[in-house]
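Biologist: I would like to learn how to read a model like this one. Please take me through it feature by feature.

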Amino acid sequence: SDTRRRGMSTSDEERSLSGGSSVSGRSYGSVPAADISLGVDEPPESGGGDTAMTPITAEDERHARRLRRRLALDGGAETASGAVPTFVKLDSPDEVAVIVPHGLHFNDVEHIDYTALADRDAGLAVQSSSADTQAAESPMHAGSPQRPNKSSLLGAVVGNSSKRDGGARNEGGGSSRRAHPAVLWLAIMLTGLGTGLVSVVLTNISVGFGNTRLQQANELLELNRPLAAGAVWVLVSAAFTFVAAAVTVYYAPQAASTGIPETKAFLNGCDVRGAFSLQTFCVKSIGVCMVIAAGAPVGLEGPMIHIGAMVASYVTLALEHVGLLRGSSRSHLLTHLVTCGVSSGISAAFNSPIGGVLFVLEDLAARWLVDGQLILQCFVSSFFSQLVVAGAHITSLLVQTVRSGDRGEFQAANLVKTSSGGDEVTGAWYVADVGLCVLLGVGIGALLSFSTAAATTIVRVKRSVVLHMTQTYDKRRGGRKNRAPSRLSEVVAAVFPVVFVSVLAFVAPLLFSCKVRQDHVEGKSSADMPLGIGHEVDHRMFVRFTCQQGQYNDLASLLLPSLSGSYHSTLTHLYSRDADEGAYSDASLVVLAACYYVFPLFIVGCSFPFGLFVPNMVFGSAAGHLFGRMVNRAPWLVGTRVAHPTVYAVLGAGAALGGWTRMAIAISAIMLEQTGNTDSLILMMIAVLSSRLVGAVLTPNSFTDEVIKQKNYEVLEPREPKIMSTLSAGAVCARDVVCLRPVEDVASIVRVLMHTTHTAFPVCQPASGSNERFYDPEHGGSKQDPVWRVETGSHEPEPELLGLVTRATLLDLLEEMVNSRRSSERTAPHLRVPASVMDQHVNFLGTGMMIGADELGTVPAHVPASRVYRMFSLMGVRRVIVVQSGGGNRLGGVITRGG
């Protein structure tokens, strides 16, 4: 039958896994329920009548016991993943099968194959590009691991098959051919264009929704209805946040936060479950727009890094779908495009193409040996991303020109507004500013280090609380057991902080008096200036709030637009030199800085997408502007010329980003490109370096690195620990290795898959004269090890290494064997291996499914461990096979990334 006969629903499977009743409601004969439970396949429904159930017979019970004993699952033993094995009865023909799990996920980290292969041209070990490894490592299919092309696996490896064409899968050995240069540059261009387009769309949506919310509240204030305005402000904020949190919690939890830890982990050799899926992309895009429009103190810049990486993965998938990557290494192209996507995301978010390239090189490219080619690729991708953003800016100017009838001036957006006369240099500075700049950087760096420590603690506490809430006490076992967390509680926990911030942001301006609107544009009377939410030519927004017509509230003009997606308005206020000190009081700057220092601490750890670059920029700008005012008024500086407060505002923003991200080169370039202020470049470098140095001393790791540690991502630092220089590969390798023989029966393969969590297995020839004992269910049973476990370094001779086969390949092989016998299993959600195929044999030799020993990047046991560490940290390998020194391929052990 072509119709899938689903014997168990999800809940039924869970009951069966826990040893409960079978689907038919009957316990499994005389076998204790804790040991085994047998599900039954249902025949297709017909005519809408009651569904008939296939009965469980005594013969089925005997077959299940025999199968359980053969797979070493006696006594209700759990599999390596911690689940009790599930057995089901299949019909047409009747037989018992065992469900083999397809994926292994621990702590949200997907254990993917990154096997080191030998690059004959470079003489170094590089990442595997075999078809098996490529399919496994692609993040686009995370959460539902895709299998390699298995059109000829069965005929090539099954022992009793008449088809034994060894060249049927010639790509299985691992073609290392890279994509054609034309295809590569096409992919780079598409990555940049796609990232820029997504940035423009998300920016317009978030700013549009945020300004609409602000405008509705302002209109009610003009009608002298402050309570109604506050209700609209808060309720809309709650609604937007609820949407963002709900779609994140229910559909794509990996879309939460910035996504930078996940991207950095991928570039270092890890794949995170679901981090690059299409569902995550959609949820990330929707969620970040809703959160920004809701008034949370967050920005789009951080999530754009993750979004750019996802766009790169979809470009790779599209090129493969149309056949442009046929015979090429997808893994190599994917990683380079993800790096370009990160650069494009920074370029589009900050209008900083050079800063995007430097950001990648300084923070995210620890996986690869950086060369000029990668730098050029990132720069080209950033160029196309910036081209889209600039095109959108020009289009906006054209629309404004058509509407106003004036001549449009096409110029780059510049956050720094010079004085109307234009005689004064924008970033003029003096000798005294050098020391003051160091003082500013030290102060902001110290404050940002404290906020980093606080944010890290808050995230840790929230995770602990969630873990505690998801545990219940089990009286029978005398301990605690996990239960599924309440998704609704996660949503509520994410909505409450944003609502609290919205209430504070709406109440705070009520404490400030109104100011008379000044004429900041030469040649235009104040009567012509828009009131309420008005846009001048420099895009600064003056919010009337509760003031009379012709007046504005200074704190509302600084705080509310930035909490509605228009943070450029706030930064332009702080950077603009044509605004005198009377435009914004010192108190408003203090409150603005305090809000953007404290508010983000409420947001970290919430289950929705957010970025923390913007709040740190606004905090640094407000603190810098206030510091500039103080030094210009300082009596001990009388007679000494110092820079304008707006210069210190720009320097404060750079110092805040440097202290938060622990980067200096990229931040200096980003601030230079964003403000167009080259006059104070030296001061910017001093401030960023001072802030970064102080932050690194007080809190060694950035917030991103702390999150990576808390999520247990196996990210390795580029520099190896000192102890590595004193050890050899043979000293650090694991000598307890699970291996496969060249010819194995299906039962042995199933035992390896169910009793281990390894992602690949060496294929070895047992040494002649060795006393290896293999599992025999009829003699020894549970007293024997169900898998062939090789103890290297003992008195027994080591087996000869023939190659390596991945878990994904073994699963594909079993899947095709089952599908060839039972066509109805092709659409099955689980891999169910019947007892009738357990006796078939698989020959790994002479087929494309095994990576040969000559292609593996094996390392002799005497090689320094520091060299092996660099293979992991700089080349992204997942494991390294160690062979005995002295020549030959005698297995010595395996080195992996983590425990």
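Predicted model: local features only at pLDDT ≥ 70, side-chain atom pairs only at ≥ 80, totals over all residues.

Biologist: How many helices and strands does the secondary structure of the chain come to?

Modeller: Helices (H or I, at least four residues) and strands (E, at least two) are DSSP runs, numbered from the N terminus. Here there are 26 helices and 25 strands. Contact means heavy atoms within 4.5 Å. Of the contacts in the chain with a separation of 6 or more, 77% join residues 24 or more positions apart.

Biologist: What percentage of the residues in the chain is buried?

Modeller: Buried means under 20% relative accessible area, exposed over 50%, and partly exposed in between (1.4 Å probe, protein chains only). Of the 899 residues in the chain, 56% are buried. Take helix H20 (residues 665–675): 8 of its 11 residues are buried. Among them are Ile-667, Ile-670 and Met-671. Their cover includes H10, H16 (567–575) and H21 (681–698).

Biologist: At what angle do H9 and H10 pack?

Modeller: Axes are lines fitted to C-alpha atoms, for helices over the stretch in contact, and angles run from 0 to 180 degrees between N-to-C directions. H9 (residues 301–321) and H10 (residues 330–350) pack at about 145°, with axes 7 Å apart. A crossing is left-handed if the near helix is turned anticlockwise from the far one by less than a right angle, and right-handed if clockwise. The H9–H10 crossing is right-handed. The contact includes Gly-308 and Ala-312 of H9, and Gly-341 and Gly-345 of H10. By class it has 14 nonpolar, 5 polar and 3 charged residues.

Biologist: Which kind of pair do the rings of Phe-266 and Phe-276 form, and why?

Modeller: Rings of Phe, Tyr and Trp (its six-membered ring) pair if their centres lie within 6.5 Å; planes under 30 degrees apart count as stacked, over 60 as edge-to-face and the rest as tilted. The count is 15 aromatic pairs. Phe-266 and Phe-276 have ring centres 5.2 Å apart and planes at 50°, so the pair is tilted. Phe-266 lies in helix H7 (residues 260–267) and Phe-276 in the loop between strand E8 (271–272) and helix H8 (278–294), so the pair ties together parts 10 residues apart in sequence. Both Phe-266 and Phe-276 are buried. Phe-542 and Tyr-552 are edge-to-face: 5.3 Å centre to centre, 80° between the planes.

Biologist: What sits over the ring of Trp-233?

Modeller: A charge sits over a ring if NZ of Lys or CZ of Arg is within 6 Å of the ring centre and within 35 degrees of the ring normal. The charged end of Arg-213 does this for Trp-233, 3.6 Å from the ring centre. Trp-233 also forms one aromatic cluster with Phe-506 and Phe-545.

Biologist: Where do residues other than glycine take a positive phi?

Modeller: Ser-257 is one case, with phi near 65°. Ser-257 lies in the loop between H6 (226–251) and H7, and is buried at 14% relative accessible area. Asn-351 is another, with phi about 55°. Asn-351 is found in the loop between H10 and H11, and counts as partly exposed at 28%.

Technical notes
Residues numbered from 1 in each chain as written. Heavy atoms only, no water. Nonpolar A, V, L, I, M, F, W, Y, C, P; charged D, E, K, R; others polar.
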